[in-house]
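Colleague: I am new to this structure and would like to learn how to read it. Could you take me through a few features, one at a time?

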There are 2 protein chains.
Amino acid sequence: MDVRDKGFKHYIRIDEAIKRIEEHLKGYSLGYEEVNLLDSLDRVNYENIFSEVDIPSVNRAAMDGYSVKADDTLGATKHNPILLKLSRDGKISKGEAKYTATGSPIPEGADALVMVEEAKKISDEEIEVYQSVPPWKNIARVGEDVKKGELLIERGKIINPQQIALLAALGYSKIKVVKKPKIGIISTGNELVEVGIKKDEDQVYDVNRYSLSSLCKKIACDVIDFGIAKDDINEIRDKVFRSLKEAQITLISGGTSVGERDLIPDVINSFQNSKFLFHGVALRPGAPAGAALIDNRIVFLLPGYPVSTMVCFDALVKPIIYKLMGAIPPKESKVKAKMLRRAATIGGLRTYVRVKLLENHGLFAEPIRTFGAGIISSMSKADGIIIVPEDKEGLEEGEEVEVTLLR
Amino acid sequence: MDVRDKGFKHYIRIDEAIKRIEEHLKGYSLGYEEVNLLDSLDRVNYENIFSEVDIPSVNRAAMDGYSVKADDTLGATKHNPILLKLSRDGKISKGEAKYTATGSPIPEGADALVMVEEAKKISDEEIEVYQSVPPWKNIARVGEDVKKGELLIERGKIINPQQIALLAALGYSKIKVVKKPKIGIISTGNELVEVGIKKDEDQVYDVNRYSLSSLCKKIACDVIDFGIAKDDINEIRDKVFRSLKEAQITLISGGTSVGERDLIPDVINSFQNSKFLFHGVALRPGAPAGAALIDNRIVFLLPGYPVSTMVCFDALVKPIIYKLMGAIPPKESKVKAKMLRRAATIGGLRTYVRVKLLENHGLFAEPIRTFGAGIISSMSKADGIIIVPEDKEGLEEGEEVEVTLLR
């Protein structure tokens with residue numbers, strides 16, 4: 001086979017690349033499943049959840065104490081306590097009080113609560129009150145926390161422990177969540193070997209199935225692992241065919257560039273109902289990435305280099321998976337830092353600069369010296385990433401930058 | 001039963017509280033289990049992992065191209081290409097070149113690589129080179145990425161996708177991770193009802209088992225759910241007894257304050273080999289929290305109020321679980337913001353102020369108006385938390401604060 005000399009004529013910008021794929025997701029829904037409250041953790045909320053009730057549903061004691069009429073406590077102090085009678089019928093009439101535990105309903109007739117620390121039971125029938133309380137003091141009032149009809153959790157939110165707490169407070173035992181998307185993962189390359197096997201010097205362990213699988217798991221996707229394909233059109237085609245049947249999105253890494261063994265474009269074109277949405281993106285590392293539709297299913301072509309593939313996942317694949325799930329992407333964790341030294345980037349490309357963070361009278365970002373995207377340690381050593389936009393060229397020493405934290 | 005009037009004589013500071021518990025963890029280990037590489041995601045790395053090899057193990061092509069002797073390309077340009085012969089024996093002698101795909105070993109005799117874009121095969125025997133390359137250009141050299149003996153992943157690190165990629169690159173198929181701690185969870189209170197059941201007005205849904213379970217799951221613990229206990233010493237004692245047999249840490253919420261029905265201290269004291277490490281912490285919300293040892297197992301007493309319990313988990317329980325796992329706590333995500341209005345806090349207590357974040361020519365933190373810790377919505381509506389240290393009183397309008405993001 002001859003060396004192909006095609007290269008990429010055009011590198012599409014990331015935003016445009018995402019837009020082209022998103023157009024094909026319009027109207028598509030993964031559907032929902034109903035899960036137990038606790039299993040909704042980290043899943044995508046399927047529909048807006050509105051409160052059907054007020055919380056509290058009745059006025060409740062916010063502390064342990066005595067329910068009273070506020071007026072009855074006027075002028076009470078440690079030295080001039082006011083005497084109140086314990087209510088016999090459960091209702092509070094003028095001059096009466098009733099012990100009410102935290103969370104219990106405030107009895108009829110009461111409009112304030114004296115904390116247990118500010119009162120003392122002096123007989124079976126009477127208490128002394130040492131503090132004056134204004135109306136509604138120490139009472140959690142109806143609807144104060146959550147109002148009936150209020151939007152509790154927006155559709156698309158990725159459910160966190162705080163929201164699970166809120167839903168529990170409202171009595172929800174089941175939640176509708178978006179079904180997990182299925183992501184088919186294929187690695188290609190004659191040089192690739194499965195981990196755990198002794199390899200020859202001219203072989204390398206397959207990294208991309210592991211990095212892509214764990215990145216997918218992190219955002220609650222189901223991964224279908226199709227293993228490693230040799231650089232053989234039929235072998236790759238067979239795995240793609242199987243993935244298309246099961247998965248909404250297929251990720252193929254390797255063989256997508258312009259080298260001798262880059263067969264993936266041929267594989268894509270061998271399917272009847274296929275078309276490329278783009279091939280070659282203005283991203284560094286990660287330029288050889290592409291995306292195609294086969295029978296309206298999305299196939300991503302990702303570079304063979306592990307770091308490029310991880311960057312492509314972050315820049316291209318993750319936004320599409322969130323869109324597919326109808327999820328509101330969670331805010332990235334970012335910190336501001338100053339560049340410890342300059343980093344060259346190329347204008348017109350979105351560049352992912354991996355940095356270490358150092359604290360030295362302020363936070364500094366040190367770009368990790370790398371040669372090429374093959375440097376897998378550059379990713380695991382990095383504390384974060386600076387995403388340099390297309391219209392910017394280079395980062396200067398001392399420049400303030402925003403670092404997206406890796407975890 | 002009479003109203004007890006004991007209150008808390010002393011509120012211990014959080015740091016001291018944690019120290020007292022940690023003393024009892026010295027020398028304790030959860031042990032390890034060996035899991036498949038992919039299953040190590042989010043688990044705690046059990047031992048330092050050192051590289052047994054160099055990566056790359058041989059000099060490799062960092063691009064698709066032609067392996068050459070750098071000297072042979074001196075002076076090559078687009079207009080004055082240099083002609084090289086394709087090697088027949090796989091070795092590179094003077095004046096020779098050999099196509100080498102990305103990642104493949106550089107053949108003997110070569111010391112540089114010309115990118116495929118900068119050369120052209122003009123016959124079966126010859127190529128033209130259009131660019132001069134310095135020695136080692138486009139070659140990933142032995143050990144450049146990872147050196148033999150280098151520390152790859154520190155023990156205690158919580159394994160992320162980048163580290164899984166690194167371990168895959170080194171061929172690891174199994175990883176030793178710390179065994180998951182088992183956390184027993186018990187809610188107490190006559191007023192509590194299980195979610196999903198219709199409740200009376202004087203009842204409330206149990207929130208704490210759900211919030212605590214999901215917070216524990218978030219940090220890869222196994223949760224054992226012992227359900228709700230009525231305010232009955234024997235019923236609570238029975239659940240604690242069962243939890244002590246199975247779990248390393250038991251979390252009991254409710255009944256830990258100074259009200260009529262606060263039975264947990266009595267339950268703790270009813271065990272033979274038990275002692276309180278502290279009861280009452282300088283934390284707001286969350287002051288009634290405590291911790292005890294029963295047969296050297298840790299039992300946390302957490303407040304009944306859902307928000308207090310979540311704050312106690314964050315301030316007290318989580319650091320202890322990390323310590324038990326031997327984990328390096330992951331960095332919290334923090335952002336700097338300005339206070340939109342003042343928030344009162346009490347000196348001497350560590351205060352968790354829940355805030356919403358608003359972007360308006362800079363980031364602003366708006367404290368969520370709350371009355372008491374019962375306001376569960378204050379947690380789910382919050383974007384983050386400001387932790388105000390004990391030696392500080394109040395946050396002023398316009399003051400710069402650090403907000404720990406909730407996700």
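Colleague: What covers the buried residues of α3(B)?

Modeller: A residue is called buried if 20 or more other C-beta atoms lie within 10 Å of its own, exposed if 12 or fewer do, and partly exposed in between, with C-beta atoms placed from the backbone. The cover of the buried residues of α3(B) includes α2 of chain A, along with β13, β16, β17 and α6 (306-325) of chain B. Helices (H or I, at least four residues) and strands (E, at least two) are DSSP runs, numbered from the N terminus. Before we go on, please note that this is a predicted model, in which local features need pLDDT of at least 70 and side-chain atom pairs count only at pLDDT 80 or more, while totals for chains, interfaces and linings use all residues. Residues are numbered from 1 along each chain as its sequence is written, and chains are lettered from A and ligands numbered from 1 in the order in which they are written.

Colleague: How many residues of helix α3 of chain B are buried?

Modeller: Nine of the 11 residues in this helix (208-218) are buried, which leaves α3(B) mostly covered. Among them are Asn208(B), Arg209(B), Tyr210(B) and Cys216(B). After α3(B) comes Ala220(B), with a positive phi near 60°.

Colleague: How many residues of chain A are in contact with chain B?

Modeller: There are 76 residues of chain A in contact with 74 residues of chain B. Elements giving two or more residues to chain A's side include β8 (119-121), α3 (208-218) and α6 (306-325) of chain A. The largest share of that side, eight residues, is supplied by α2(A). By class, the side of chain A that touches chain B holds 35 nonpolar, 22 polar and 19 charged residues. Here Ala, Val, Leu, Ile, Met, Phe, Trp, Tyr, Cys and Pro count as nonpolar, Asp, Glu, Lys and Arg as charged, and the others, Gly among them, as polar.

Colleague: Which residues of α4(B) are buried?

Modeller: An α-helix has 3.6 residues a turn, so residues three or four places apart point the same way. In α4(B), the buried residues are Ile236(B), Lys239(B), Val240(B) and Ser243(B). Seen down the helix axis, the buried residues of α4(B) fall within an arc of 100°, so they line one face of the helix; the arc is that of the directions from the helix axis to the C-beta atoms. Asn234(B) and Lys245(B), on the other side of α4(B), are exposed. The buried residues of α4(B) pack against β13 (182-188), β16 (222-229), β17 (249-253), α5 (264-269) and β21 (297-302) of chain B.

Colleague: Where in chain A is Pro285(A), and which peptide bond is cis?

Modeller: Pro285(A) sits in the loop between β19 (283-284) and β20 (290-294) of chain A. The peptide bond from Arg284(A) to Pro285(A) is cis, with omega near -5°. In chain B, the bond from Arg284(B) to Pro285(B) is cis, with omega near -5°.

Notes. Contact = placed C-beta atoms within 7 Å.
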